[in-house]
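I want a quick record of what I looked up in this model. Entries follow in the order I made them.

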Amino acid sequence: MLLALLILLLMAGGIASGFLARVSHAACRWLALITVTIAFAIIVSVWIDEGLSMTQTDSWLRDLYIPWIPSFGIAFHLAMDGLSLLMLALTFFLGILAVLVSWKEIQYRVGFFHFNLLWVVAGITGVFLTMDLFLFYFFWEVMLIPMYFLIGIWGHENKQYAAYKFFIFTQASGLLMLLSILALYFIHGEQTGIYSFDYFSILGTTLSPETGRWLMFGFLIAFIVKLPVVPLHTWLPDAHTEAPTAGSLLLAGLLLKTGAYGLIRFVLPIFPEASASIAPVAMLLGVVGILYGAMQAYSQTDFKRLVAYTSVSHMGFIMLGVFAFNELAMQGVVMQMITHGISTGALFVIAGVLYERIHTRDILRMGGMWKKVPFMGTVAMIFVMASLGLPGLGNFVAEFMTLIGAWQANKLFTIIATAGLVFATAYSLRIMQKVFLGKNIEGHSMTDLSLREKFILVPLCVVIIWLGLFPQQVINAARPTVANSMHAKNHTAIHQEAQTNHVKYTSAFTLEKGGSHEHE
Amino acid sequence: MNALPIDMGLLLAGVLFTLGLISVLIRRNIIFMLISVEIMLNAAGLAFIVAGSRWAQADGQVMFIFILTMAAAEVSVGLALILQIYHQLKTLDSDAADKMNG
Amino acid sequence: MIKLLWLIPTLPFLGALILILTGSRLSWRIAACIGAGSIGLAAILTILVGYDFLASGKEAYLHVAWNWFQAGDLSTTFSFYLDSLSMVFIFVITFVGFLIHIYSIEFMQEDEGFSRFFAYLNLFVCSMLILVLADNLVLLYLGWEGVGLCSYLLIGFWYTEEKNGYAARKAFIITRVGDTAMAVGLFLLFTVFHTLNIQDILTQAPLLWTTGASMAVVIGFLLLGGAVGKSAQLPLQTWLPDAMAGPSPVSALIHAATMVTAGVYLITRMHIVYELAPLAQLWVGIIGAITLLIAGFSALTQFDLKRVLAYSTISQIGYMFLAMGVGAWSAAIFHFMIHAFFKALLFLAAGAIIMALHHEHDMFRMGGLKNKLPVIYWTFLIGAASLAALPFVTAGFYSKDQILWLAWAGEKGNLWFFLAALTGAVVTAVYTFRMVFITFFGEAKTKISHVPGMRITVPLMVLAALSFAGGFIELPHTLGHFTLFSDYLSPLLPAVTLKEGIETTEWTIQLVTAVLALGGLYLTYILYVKQPQLSNEIKSSTFELHQFWFRGWDFDALYNFVFVRPFVFLSRINKNDVIDQFYTGLVQITEYFNSAFVKTQNGVLRWYVMSIVVGAILILTISLFVQP
């Protein structure tokens, strides 16, 4: 019940703060902040409840099953395991920061903004929780549309174009996923007589290699557009650049992660053979992404665009790790999802903070800011270092595990990916040089971080350092999920227990469906 | 009753239809276009009747009645549109009503 | 006391943390106390720990702070491992580090980034200590990158100058190239041993590999890649001369005494792997030999005082690599220690001169400082003598003589190594005294604006004493046979097996070295003091070669041409992302079709009728001719 409560809380909070804005903008912001904070508190309490070290082997922490449209085998099925828990903690953490970061920036249609913000967060929450493919597609769309508004209404100069591009890319690829979901539904139904969208039922479907491959492409394309993987990445620089700071934060921190999450949760377990067969190509795409993103990042002059391309580069590691098919790499991927969310999110916040002060994102017009804003400079230095993978910060742990795992799968690609770290150094240091070091060419004067901004950035710093030095809790939390995605075949066996809870619904539904089947 | 020679009947229908079509194409006055359309419809109806009598089936006459009804409906809508066009444009020239070009 | 080992890296870390968190709010006195004090405490602790360590019979001590991360087979800990090798390193790091901190208090007094400087410096010491104390390679890598970061921050310390930022980035990026090789080496080690714990690897390696196993060779080369990056050896040496953009104490601490010798530490630490990979070890020696010559010749032509020292550092580390190449591990470590003393001394003295002359780096605008800065002169002279390895009295002589001897007589030594080292010795003597004569002799060309105070002179004198006396803890067979240092390292680092029947020549070698060093000194004396016009003549007659050496053998130009320019070019021309052009093209095609079809919707009723008719006729025609 807790899980449904989380989503409802966010949706209701979104509607309420939308209306509250007619009374007072401040009240609307506070309400949104409180809503997300409560959600965050709930997740933290669940985590504490489960024991922070999370050494248990059973992967499902919470489970909720309510039949929704039984005649089609659609259920409101939410379940949470370690991976979902981590992603939700990240979601709400960044959600809080997204509200805070918009406090001064957004002054136009405040209510609708917060409505969209909370609904994006709700949609993401749903995506991370749902265990029903139909519901999954529903939430996939729920997070898409408010995001479209966030970019299209509150964005920068070229917002319309960016919003369209974002929408068309994700929508088109999402439709392919819907096709695959439906095909899976019917194939599974024909095989077993049980027509169900339930994740655990679908998992057991045996597919012929040819079908499996085509269906997998449907899912894969949706996820790698979201991730994004070169050459499907071009929506991202535009969307990131034009979105308001909160939008960029959510995009980089969370929306991209839904792609990675989908790969781990759906593609690998449902299509184990098919994904194994494309693994070399997928890893190649990852490596290309790492290098291409880094090269593109180096030449950008727009701060946000630069950071957007670094995302492309970092997401290449996810592709590389997921398709390496071993526990180490997969743990690296989970770690990378979290640390990238934090470090890139923080860089976008810094870009936003700078934009508020000097009204430009052009790094060629910045320079020498350190003298004026040493605190911001120090924070930026930490995240720049995180982005180039400095040990001691979370990203290093992620990249190191990914690479060492990928090494077991493909040596050549790993070497190239490791060399990508040199390019990461080049573009990361370029940020530092152009923005904070060198001479202050245009004589910008500015104030250092305000209390609110410190309140945003300092926790991010603390978390990224904490993850760099004490990452074990995250690794433990993700371990069962990771292990499951590795042995997808055993997956269903392990979770029969979880399934028995649904037996009564499922069996009732089987009868009904089976009956109609005979009728035909 | 001697059967009407079907060739003749169909030829008449064809001639009527072509006349109607040509006048739709060359007329610019929208009322005349409407009248021409009526001629075309009736030509089609005639073809049905002829065919119906040839095969001694009632279907042909059913179709004619159907066409008749449809033509009546069409004329009423058409005339209403013509009135509106005249109100708006103060002319019955169909080429003047090209506001809806893509 | 040995239980407090963890405090040694923690203290500098805390110092750095406090200084970073308080920003520049602290007065310089408090900032100096925290900055230098933390290192001072660490140095005292090092003494206490070292005493315990020796008292316990050099028993290795392991302190596990916490489990870092563990996934799959990989398990890493945050743990410190103390043995005789890391003991030498932490001793040098904390002591030389402390002296340099003291020096910096005066050197940086006027600088507005005073507390930032100490924060970075403390962070550096912390990272360096972690590097040498790490018990697994991942933690070592953490320290390794940490020192790289601090080096970047400190080279670019005066960040308003564009070229300092450039030098800083160059240093970071080039060392990262080496680190990539090292990281791949770690992946490979992990694949073979399923652990990255150094001691486990070292005990398992001989069981798993026979000498010359190809895996060992590959790993040896990959780790060597990391080492050449950090230690500025061929082919990644180009960053170090530019790194002189940083403040002088930084050059002394990071780019002479400690960080650049991390490569030496790494290879020595993994010496068992290298013993099993003779080919890789041979290349360690070859790289050392070539680098020491290349850098030595470049040092001959520089006019920036600090750049001479930078090239000299590269060259001296080349000696250490050469030593490791012939398996003379303890000789390499000995030379590292002595080099840390005298090179730190030289850099600090150079810094004092540069400060005294109002930031003048050009040696040819100095001159005549002998009488004006006597303390600096004498200490610099001792350092220079040690660097040039003047026979019998300087520490440098003993450390370098050992390398020369083993390059000749060691089982893995050969004539080429020996000749390279010998040539290097002459070149070293020449560039060292060229520096001394140009800077301190002749007539004064620039006025002195700042006379160094106690905080500068005392560290100089301590270091001078060390670079004078430090050599006497390890004397060759022929001169007293006192082997305290190599005995101390002996169970850990094996001694070199000599070629048979070669012991007799040791005297000859020493004599040759001594004569060559003195000969170099005399030659320089003639060239730069007696007949200065002669040196100018040589310079102008070999101008091309001189310039070639001056530019560091044009490695920079080569790398710019081969790597940097293509990369920047590619990324510039593709700034707007060629892949996006594809999607834009897709949009344009759609729009083109749209505009084409829109034309048919012209709103003319008769046009529509006509198109219906034509369409109907077409369909009828087709259905007539194409029978189903």
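**Entry 1: chain B, elements**

I began with chain B and counted 3 helices and 0 strands. Helices here are DSSP runs of H or I with at least four residues, strands are runs of E with at least two, and both are numbered from the N terminus. Read from the N terminus, the order of elements is α-α-α.

I noted the ground rules before going on. This is a predicted model, in which local features need pLDDT of at least 70, side-chain atom pairs count only at pLDDT 80 or more, and totals for chains, interfaces and linings use all residues. Residues are numbered from 1 along each chain as its sequence is written, while chains are lettered from A and ligands numbered from 1 in the order in which they are written.

**Entry 2: chain B, record and spans**

I checked UniProt next. Its unreviewed entry lists residues 6–26, 31–51 and 63–83 of chain B under "transmembrane region". Positions are in the numbering used here, feature names are shortened, and annotations may be inferred rather than shown by experiment.

I then computed two of these spans. Residues 6–26 of chain B come out as 100% helix and 0% strand, with 30 Å between the end C-alpha atoms. Residues 31–51 of chain B are also 100% helix and 0% strand, and their end C-alpha atoms lie 30 Å apart.

**Entry 3: chain B, overall form**

Of the 102 residues in chain B, 15% are buried. By the cut-offs, a residue is buried if 20 or more other C-beta atoms lie within 10 Å of its own, exposed if 12 or fewer, and partly exposed in between, with C-beta atoms placed from the backbone.

I picked out B:Val50, which sits in helix 2 (residues 30–55) of chain B. Why does B:Val50 count as buried? B:Val50 is buried because 22 other C-beta atoms lie within 10 Å. B:Asp7 is 43 residues from B:Val50 in sequence, yet their C-alpha atoms are 9.1 Å apart.

**Entry 4: chain C, overall form**

I moved to chain C and found 26 helices and 2 strands. Its C-alpha atoms fill a box of roughly 115 × 60 × 55 Å along the principal axes. Buried residues are 55% of the 628 in chain C.

Next came contacts, meaning C-beta atoms, placed from the backbone, within 7 Å. Counting contacts in chain C with a separation of 6 or more, 81% join residues 24 or more positions apart. The corresponding share in chain B is 51%.

An automatic or database assignment sets the domain bounds. Chain C has domain 1 (327–541) and domain 2 (576–625). I get 85 Å between the C-alpha centres of these two domains of chain C.

Strands pair if DSSP finds at least two bridges between them. In chain C, strand 1 (residues 61–71) and strand 2 (residues 74–82) pair antiparallel over 9 bridges. C:Trp66 has C:Phe78 in strand 2 as its bridge partner. The hairpin has 2 residues between the strands, and C:Gly72 takes a positive phi near 55°.

Strand 1 (residues 60–69) and strand 2 (residues 74–81) of chain A run antiparallel, joined by 8 bridges. A:Leu64 is bridged to A:Leu78 in strand 2 of chain A. Here 4 residues lie between the strands, and A:Gly73 has a positive phi near 70°.

**Entry 5: interfaces with chain C**

Which helix of chain A gives the most to the side that touches chain C? I first counted 44 residues of chain A in contact with 40 of chain C. Helix 16 of chain A gives the most, with 10 residues. That side of chain A divides into 26 nonpolar, 16 polar and 2 charged residues. Ala, Val, Leu, Ile, Met, Phe, Trp, Tyr, Cys and Pro count as nonpolar, Asp, Glu, Lys and Arg as charged, and the others, Gly among them, as polar.

For chain B, 10 residues are in contact with 10 residues of chain C. The chain B side has 4 nonpolar, 3 polar and 3 charged residues.

Note on methods. Two residues are in contact if their C-beta atoms, placed from the backbone, lie within 7 Å.
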